[in-house]
Amino acid sequence: MDDRIQPVLDLYHERMRAERSAPRVEAPGGRDGGHDQRMRAIGPETGQFLNILARSLERPTILELGTSFGYSALWLAEAARARGGRLITMERHGYKSAHAREMAEQAGLAACIDFRVGDAVAMTAALDHKVDFVFVDLWKDLYVPCLEAFYPRLNPGAIIVADNMIRPGTEDVRRYGRAIRALSGMASVLLPVGTGIEVSRFEGAISA
């Protein structure tokens, strides 16, 4: 990480430590109420793993489903910039996306990130181009609908990573695991990195 990125990551790490040491308080209005200040971010181990995977691709178009406050976007955007690609990151709430953009600007990475606000399933279904890397980290009941939206838009060799597959390990993420392993041309493995990630590679749909 260059000299501009690491201090911004350190700010996130400080916020993570404070969040994890404080009592958990749910935001008023529920998950879509627009008042949630909890990061729920991946940790640095998962971030570095994402960065390494994304750097294995040439000029990748990276799709992130669930920007939140922008921590994982920095790891993905750094890889995109290093390999001549770009990151498209999607978030339901504008205030979270705006914070993520501000942090990316501090890190010098905003120029290679396309911030989009709205419904991730609908926005993914509307993409008019293929993608090479997908990171799935939003509300767990949206994992399978997002998979159905991005699967037709994967380039051969695309890598897909889904977070929170072991913790909390809900039925929604188990459904995602079963669904992605059932897709034509897909190889997938569950790894105990962070809270558990399903790492998949699409080799291209197999003709019947």
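**Close-up 1. His 13 in helix α1 of the predicted model.** His 13 belongs to helix α1. The residue is buried, at 14% relative accessibility. That value places His 13 in the buried class because the class takes residues under 20%.

**Close-up 2. Tyr 12 and the largest nonpolar core.** This core has 39 residues. Those with the most contacts inside it are Tyr 12, Tyr 71, Leu 74, Leu 109, Ile 113, Phe 133 and Val 161. Helices α1 (5-21), α2 (44-55), α3 (71-82) and α4 are among the elements that give two or more residues to the core. So are strands β3 (113-117), β4 (131-136), β5 (154-162) and β7 (197-202). Helix α3 supplies the largest share, eight residues. Neighbours within four places in sequence are left aside for the contacts of Tyr 12. The partners of Tyr 12 are then Met 39, Phe 69, Gly 70, Tyr 71, Leu 74, His 99, Ala 100 and Met 103. A second, separate core has 28 residues, including Val 134, Leu 138, Tyr 143 and Leu 147.

**Close-up 3. Packing of helix α6 on helix α7.** Two packed helices are described by the angle between their axes and the distance between the axes. Here α6 (residues 143-150) and α7 (residues 171-181) pack at about 25 degrees, with their axes 8 Å apart. That angle makes α6 roughly parallel to α7, because angles under 35 degrees count as roughly parallel. On the α6 side, the contact is made by Tyr 143, Val 144, Leu 147 and Phe 150. On the α7 side, Val 173, Arg 175, Tyr 176, Ala 179 and Ile 180 take part. Eight residues of this contact are nonpolar, none is polar and one is charged.

**Close-up 4. The buried residues of helix α7.** Val 173, Tyr 176, Gly 177 and Ile 180 are the buried residues of α7. They cover an arc of only 100 degrees around the axis, so they lie on the same side of α7. These buried residues pack against β4, α6, β5, β6 (186-191) and β7.

**Close-up 5. His 93 in the loop between β2 and α4.** The loop that holds His 93 runs between β2 (86-91) and α4 (94-106). His 93 is buried, with a relative accessible area of 10%. Neighbours within four places in sequence are left aside here. His 93 is then in contact with Arg 31, Asp 32, Gly 33, Gly 34 and Val 117.

**Close-up 6. Arg 83 in the loop between α3 and β2.** Arg 83 is partly exposed, with a relative accessible area of 28%. Leaving aside neighbours within four places in sequence, Arg 83 contacts Ala 54, Arg 55, Leu 57, Glu 58, Arg 59 and Pro 60. Trp 139 is 56 residues from Arg 83 along the chain. The C-alpha atoms of Arg 83 and Trp 139 are separated by 29 Å.

**Close-up 7. Backbone geometry at Arg 40, Ser 68 and Pro 168.** Most residues other than glycine have a negative phi, and most peptide bonds are trans. Arg 40 has a positive phi, near 50 degrees. Arg 40 sits in the loop between α1 and α2 and is partly exposed, at 30% relative accessibility. Ser 68 also has a positive phi, near 55 degrees. The loop between β1 (61-65) and α3 holds Ser 68. Ser 68 is buried, with a relative accessible area of 17%. The peptide bond from Arg 167 to Pro 168 is cis, with omega near 10 degrees. Pro 168 lies in the loop between β5 and α7.

**Close-up 8. Asp 119 in the loop between β3 and α5.** Helix α5 spans residues 120-125. Asp 119 is partly exposed, with a relative accessible area of 33%. Glu 102 is 17 residues from Asp 119 along the chain. The C-alpha atoms of Asp 119 and Glu 102 are separated by 21 Å.

Methods
Residues numbered from 1 in each chain as written. Predicted model: local features only at pLDDT ≥ 70, side-chain atom pairs only at ≥ 80, totals over all residues. Heavy atoms only, no water. Helix = DSSP H or I, 4+ residues; strand = E, 2+ residues; numbered from the N terminus. Buried < 20%, exposed > 50% of the residue type's maximum accessible area, 1.4 Å probe, protein only. Contact = heavy atoms within 4.5 Å. Axes fitted to C-alpha atoms, helices over the stretch in contact; angles between N-to-C directions. Parallel < 35°, antiparallel > 145°, perpendicular 65-115°, else oblique. Nonpolar A, V, L, I, M, F, W, Y, C, P; charged D, E, K, R; others polar. Core = buried A, V, L, I, M, F, W, Y, C linked by side-chain atoms within 4.5 Å. Arc of directions from axis to C-beta.
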